[in-house]
Amino acid sequence: MTKLIELIVNGLASGAIYALIALGFVVIFKATEVVNFAHASLLLVGGYVIAISHDRFGFWGAVLLGVAAAALVGAIIEFGVIRRARALDQAVVAIATIGIDIVLTSELTRRIGSQTLALGDPWGDRLVHFGAVTIPLTRIAALICASVLITVFLLAFKYTSWGVAMRAVAEDGETAALMGIRLGRVSLGAWAVAGGLAAVAAIFLTVFPTPGLDRTTSVAALKAFPAAILGGLDSTTGALAGGLIVGLTESLMTGYQSELAFLGRGIGDVAPYAVMVLILLWRPAGLFGTRESARV
Amino acid sequence: MSDTLQVQDQPAVIPARRRIRLPLAPVLVFLILMIIPFYADGFWLQTGLFAMAAAVGAIGLNLLTGATGQLSMGHAFFLAIGAYGYVYFAADSSSTLSGLGLPPLVAMVLAVALSGVAGLLFSPISGRLSGVNLGIATLALIFLGQHVLFNAEEITGGVNGRSVPVFELFGFAFDGTTPLTVLGIPFGGAEKLWYLGLVVLAVAAYFATGVLRSRPGRALNAIRDHRIAAGVMGVPVARYRASVFVLSSMYGGLAGVLVALAFQRTVPDYFGIVLSLEYLAMIVIGGLGTAQGAILGALMVTLLPQVLTRYSDSLPFVAPPGSGGTLSPSIAARFLYGAAVVGIVLFLPGGLLSLWARIRTRIIPIPRKKESNS
């Protein structure tokens, strides 16, 4: 029973992190109709900047720097590529983001090489005890931090003029533009926000119990893709639900893998993808996505 | 009104001389490719073999992504099925590994069929999801596929992989064991496989061109350009999407068989997401939606790292592999083709193939039609 509770809390914590990544992904999709396959490399940019700068600026300074760097890279991608490719087919723009991803990931993995970089977080490997249940402090920090960020984001999405503009663009870009909303600025903002969220997620993907930032971090970040699509690509609620489903699946399957030995080693890492396939079989548009319908 | 009358009054236009159009360029390229083994060394033959295998796979992906607009990140999975399927069907059983020991040609056909079946099993998703959504869903294939490759050790050999049985055709083995000298050139495995690859590629390209130019090809393009309009005109969208997915996975399987034959060993690490991304890069660089574009792109993406490795001494910035330099050839190649993908999407949406078309019209201006004297 304690094990189950521990696994669920851990799953919720990593789920919240996946939700954070997926949220950025969904925001980009809503604002620009672009599926951003470079999202994992944005995360790597943030994580890398934090890793190299925490010695000089302290952890929190480094976090600010990392978030700013990832947001800047996101904005540069939007300004340099996406804005110029707006008229093209969705799949073609998606492939362009794959090209960006190839370049960014190659550069970062070259810089990281075979090292494992520490992010210098203040939580270390401390554990918190609730009765018999033991949870790493980093997981609790992740849960709190992600919940706060997601709440702030959703409130901003709902109440600020930036959020209203973004939702208007998602609803009907052309009309929004006619109403005086500057599409370029909205999509630039979306990319920057998504980059920033990914950088924060990078912290929690690489702290204890994970050894640190290495070249496989981007593979871990890829799990946010199933999170985004099984919730529905155009739904922020879906991103949250999807993130939690992915986190819980991963945590439970990893925790009970000795009981699931017939599925093979490392099933926890691939289980989220299997869940995604099952959910897509049941609902092709994802759990909360709008079903495609068109008036002819 | 008067215009139509005028047209009717004119006599039927008969072209003065009807040119018989031989597909000159493909035939010429084919002939050049036929004589390459007499001049190139083993390194380039091996590279060329990989390029041909990649071209077959890229043609398949171009049918799916280029012609139909359905993104797939799972192409490497189908290559894996082809490669491992061939090994499983052709290899003999041993104490640790199982195999069926079928004749290699049968094994090849079965491996391709197996890839098709795998694609068919995915059809509830590939038929219903559109474009980029399918792209993310197919990520699942990569990760689940690799999981199986690592764990089903009896069939796949696990981390270490399996060695690939030599291809044989009616008793003629495609390796260096039977000495064969053609016009004074000793023919080893690479030379023989080169011709096998060439034939497979030619057939694959011919078939894909046929598909694209005929009714199904038009339907696929219609789905890409306007799905709803295509549906309204009577194209069964879901069925076509599922079918082209199956076809593309069979091409992937065939490419997998060729890759396995060229490598002579299959390892699970190779069939990862990077490979899928490479294939997407190929079709964008070469040109979306055509077989020629896929071949051109496959050539570029496969040759680039090899060329950089071979000539790394004389290139600035690029350090020879293993020298601990800052930029290894393989990473430099990834930079180049990653950037090429972005650049081509932005500035040359038709890919390198359209560049060729542009140059050709510049050199040989299209003859203008004679003005009708009205």
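Colleague: How many helices and strands are there in chain A?

Modeller: This is a predicted model. In chain A there are 11 helices and 2 strands. Along the sequence they follow the pattern α-α-α-β-β-α-α-α-α-α-α-α-α. The radius of gyration of chain A is 19 Å, close to the 19 Å that the globule rule gives for 296 residues, so chain A is as compact as a globular protein of that length.

Colleague: What does the C-alpha trace of chain A span along its principal axes?

Modeller: About 60 × 50 × 35 Å. Of the 296 residues in chain A, 50% are buried. Among contacts in chain A with a separation of 6 or more, 75% are between residues 24 or more positions apart.

Colleague: Take one residue. Is A:L23 buried or exposed?

Modeller: The cut-off for a buried residue is 20 or more other C-beta atoms within 10 Å. A:L23 has 31 C-beta neighbours inside 10 Å, so A:L23 counts as buried. A:L23 sits in helix 1 of chain A, residues 2–32.

Colleague: Which residues does A:L23 touch, leaving out those up to four places away in sequence?

Modeller: A:L23 touches A:I150, A:F153, A:L197, A:T236 and A:A239. As for A:L154, its C-alpha is 9.9 Å from that of A:L23, while the two are 131 residues apart in sequence.

Colleague: On to helix 3 of chain A. What should its 23 residues span at 1.5 Å a residue?

Modeller: Helix 3, residues 90–112 of chain A, should span 33 Å, and its end C-alpha atoms are 32 Å apart, which agrees. Just after helix 3 of chain A, A:G113 takes a positive phi of about 60°.

Colleague: How many residues of helix 3 of chain A are buried?

Modeller: 17 of the 23, so helix 3 of chain A is largely enclosed by the rest of the structure.

Colleague: How many residues of chain A are in contact with chain B?

Modeller: 37 residues of chain A are in contact with 35 residues of chain B. On the chain A side, helix 3, helix 9 (224–231) and helix 11 (267–282) each supply at least two residues. The largest share, 13 residues, comes from helix 3 of chain A.

Colleague: At what angle do helix 3 of chain A and helix 7 of chain B pack?

Modeller: The angle is about 45°, with the axes 8 Å apart; helix 7 of chain B covers residues 131–151. The two helices are therefore oblique to each other. A:Q90, A:A91 and A:A94 in helix 3 of chain A meet B:G131, B:V132 and B:G135 in helix 7 of chain B.

Colleague: Within chain B, at what angle do the axes of helix 10 and helix 12 cross?

Modeller: Helix 10 (residues 215–225) and helix 12 (residues 237–263) of chain B cross at roughly 110°, and their axes come within 10 Å. That makes helix 10 of chain B roughly perpendicular to helix 12 of chain B. The crossing of these two helices is left-handed. B:A219, B:L220 and B:I223 in helix 10 of chain B meet B:V237, B:Y240, B:R241 and B:V244 in helix 12 of chain B.

Colleague: Last, the backbone. Is the phi of A:E33 positive or negative?

Modeller: Most residues other than glycine have a negative phi. A:E33 is not a glycine, yet has a positive phi of about 60°. A:E33 lies in the loop between helix 1 and helix 2 (39–80) of chain A, and is partly exposed, with 18 other C-beta atoms within 10 Å.

Colleague: Where is B:Q264?

Modeller: B:Q264 is in the loop between helix 12 and strand 6 (265–266) of chain B. Its phi is near 65°, a positive value in a residue other than glycine. With 13 C-beta neighbours inside 10 Å, B:Q264 counts as partly exposed.

Key
Residues numbered from 1 in each chain as written. Chains lettered and ligands numbered in written order. Predicted model: local features only at pLDDT ≥ 70, side-chain atom pairs only at ≥ 80, totals over all residues. Helix = DSSP H or I, 4+ residues; strand = E, 2+ residues; numbered from the N terminus. Buried ≥ 20, exposed ≤ 12 C-beta atoms within 10 Å, placed from the backbone. Contact = placed C-beta atoms within 7 Å. Rg over C-alpha atoms; globule rule 2.2 N^0.38 Å. Expected span 1.5 Å × (residues − 1). Axes fitted to C-alpha atoms, helices over the stretch in contact; angles between N-to-C directions. Parallel < 35°, antiparallel > 145°, perpendicular 65-115°, else oblique. Left-handed = near helix turned anticlockwise from the far one by under 90°.
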